[in-house]
Amino acid sequence: MIRIEHRPSVSPFVAQVWRAHAAGVETMTSVANSTWELVVWTEGEQLLTSVRGPETCASTAPVSHDSSSLGILFAHGVHMPHLPVTGLVDAETPPRPVQDGAFRLREGSYPLPTYGAAEQLVEQLVADGVLVRDSLVADVLDGLAPTVSPRTVQRRVHATTGLTLGTIRQIARAREAALRLGDGVPILEVVHELGFYDQSHLSRALGRFIGRTATELAQGRHARPLSLLYSPRAVAPDPSGRRP
């Protein structure tokens, strides 16, 4: 099984902080996620770090036996200029070993984050210019009207997230649908409340982004564990009214 704990953050740079312990499983379903993350995990007696990019579809991922892990999911618009997220979509950097309780990022050495105080590391990365935030991207996803052209918005969203606005919204809606189904909300209510065309549209979205059917989610039947599935920060709908 995989035990996962997660929490939100007051930092505008952080979407979620999570930690997990896995035992007795070899694979899991990694669900789609529109944010990138810094991950620290154990593999045997070795401690490793990696930067993982956004995931545009569900996939089967290996799980290290009896392993612990911790991750910082960064908010939309937060990026590292030296490591463009556009090159990390559905990918990750090669694992790097932790030495003397610290890891390398860009040209610096940083202490490992902790679950309760991950923001301390984030603040240090911001101060060193490793992390940069484009507030326009966050504002647009919050539904605020941009002061630049739609083309500029799309360019800046893609540069800082690796994704389009449409893909971010599709992933957020599928994740929310999965959570509501797991909480017992009837399938047709989920279809109506979240703006899917019909039940077939919902099924296609769940298959692509979550790797489960609506029935499996509603009944809690999972062939393998799911990765972190938290309720995403509300993402403003397309102002044109079009359904993604």
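Student: Let's start with R106. Is it buried, exposed or partly exposed, and why?
Tutor: R106 has a relative accessibility of 39%, so it counts as partly exposed. Keep in mind that this is a predicted model.

Student: Where does R106 sit?
Tutor: R106 is in the loop between β10 and β11. Its phi is positive, about 55°, although R106 is not a glycine.

Student: What about D66? What is its phi?
Tutor: Phi of D66 is near 50°, again a positive value in a residue other than glycine. D66 lies in the loop between β6 (59-62) and β7. With a relative accessible area of 46%, D66 is partly exposed.

Student: Okay, and glycines? Which one takes a positive phi in the hairpin of β4 and β5?
Tutor: That's G44, with a phi near 70°. The hairpin has two residues between its strands.

Student: New topic: helix α1. Which residues are buried there?
Tutor: In α1, residues 118-127, the buried ones are A118, E119, L121, V122 and L125. They cover an arc of only 155° around the axis, so they are on the same side of the helix.

Student: And which ones are exposed on the other side of α1?
Tutor: Q120, E123 and A127.

Student: What do the buried residues of α1 pack against?
Tutor: Strands. They pack against β1 (2-7), β2 (14-22), β4 (37-43), β7 (67-74), β10 (102-105) and β11 (108-111).

Student: How many salt bridges does the count come to?
Tutor: Six. Another one joins the side chains of E92 and R52, at 3.9 Å from N to O. E92 lies in the loop between β8 (78-79) and β9 (96-97), and R52 is in strand β5, so this pair ties together parts that are 40 residues apart in sequence.

Student: Are E92 and R52 buried, exposed or partly exposed?
Tutor: E92 is partly exposed, with a relative accessible area of 41%. R52 is at 24%, so R52 counts as partly exposed too.

Student: What about R180? Which residue does it bridge to?
Tutor: R180 forms a salt bridge with E176, the closest N and O atoms being 3.1 Å apart. Both are in helix α4, four residues apart, so about one helical turn separates them. R180 is partly exposed, at 23% relative accessibility.

Student: What network do they belong to?
Tutor: Salt bridges with shared partners join E176, R180 and E193 into one network.

Student: Last topic: the inside. How many residues are in the largest nonpolar core?
Tutor: It has 29 residues. Those with the most contacts inside it are A177, F196, L202, L206, F209, I210 and L217.

Student: Which helices supply at least two residues each?
Tutor: α2 (135-141), α3 (150-161), α4 (165-182), α5 (187-193), α6 (199-209) and α7 (214-219). Of these, α4 gives the most to this core, with seven residues.

Student: And what lies apart from it?
Tutor: Another core, of 24 residues. V14, M80, Y115 and A118 are among them.

Methods: Residues are numbered from 1 along each chain as its sequence is written. This is a predicted model: local features need pLDDT of at least 70, side-chain atom pairs count only at pLDDT 80 or more; totals for chains, interfaces and linings use all residues. Side-chain values use heavy atoms; hydrogens and water are left out. Buried means under 20% relative accessible area, exposed over 50%, partly exposed in between (1.4 Å probe, protein chains only). The arc is that of the directions from the helix axis to the C-beta atoms. Contact means heavy atoms within 4.5 Å. A nonpolar core is a set of buried Ala, Val, Leu, Ile, Met, Phe, Trp, Tyr and Cys residues joined through side-chain atoms within 4.5 Å. A salt bridge is a side-chain nitrogen of Lys or Arg within 4 Å of a carboxyl oxygen of Asp or Glu. Two strands pair if DSSP finds at least two bridges between them.
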